Amino acid sequence: AHLMAAVQRAEIDLALVTLASRPGLAVAAKDVPLRWVRSGPLPDDARLAAYPEGCVFRRAMIGALETAGESWQVTVQSRSHAGIFAAVRAGIAVTSVAAGTAPPDLIEFDAAVGFPALPTVPVYLVAAPTLRRAGRDLRDRLMAELAMVAV
């Protein structure tokens, strides 16, 4: 949401964002799979580290757990990756990331006992309406890369 607002204010030219609905400034989109992330052995229960309410990843974790009839608790809430990953590294919570983006010291997993498969989420490339040539070139390269990414 902060990146989207910065693009709207023309403070930055381009951003990759995850939002609940497609923003008007989106020039490309790609659905990416989510994966659970843990630090060690599979935990016995779903204690979550998540961004505050409104986060697409948070909503996906809770929705998957509730649909599967699993209990859950948001144990750690943070506005930063550092806070979320610190809780995961400490072994007090799990979280979710776009597949392939977890820090190398953490373990991504699909589904396991007590942890149902997570859905895909859309990632949007948003662009300020007034891009200079360099911005247009980068936008076009990012759009081409997103089109080639296999999920």
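Here is a short chat about salt bridges in this predicted model.

In this predicted model, local features need pLDDT of at least 70 and side-chain atom pairs count only at pLDDT 80 or more, while totals for chains, interfaces and linings use all residues. Residues are numbered from 1 along each chain as its sequence is written, and side-chain values use heavy atoms, with hydrogens and water left out.

Reader: How many salt bridges does a search of the whole structure find?
Author: Side chains of opposite charge can pair when their charged atoms come close. Here a salt bridge is a side-chain nitrogen of Lys or Arg within 4 Å of a carboxyl oxygen of Asp or Glu. Searching the whole structure on that basis gives 7.

Reader: Is Arg133 buried or exposed?
Author: Arg133 pairs with Asp137 in a salt bridge at 3.8 Å, N to O. The two are 4 residues apart in helix H4 (residues 133–148), so about one helical turn separates them. Buried means under 20% relative accessible area, exposed over 50%, and partly exposed in between (1.4 Å probe, protein chains only). Asp137, at 37%, is partly exposed, whereas Arg133, at 61%, is exposed.
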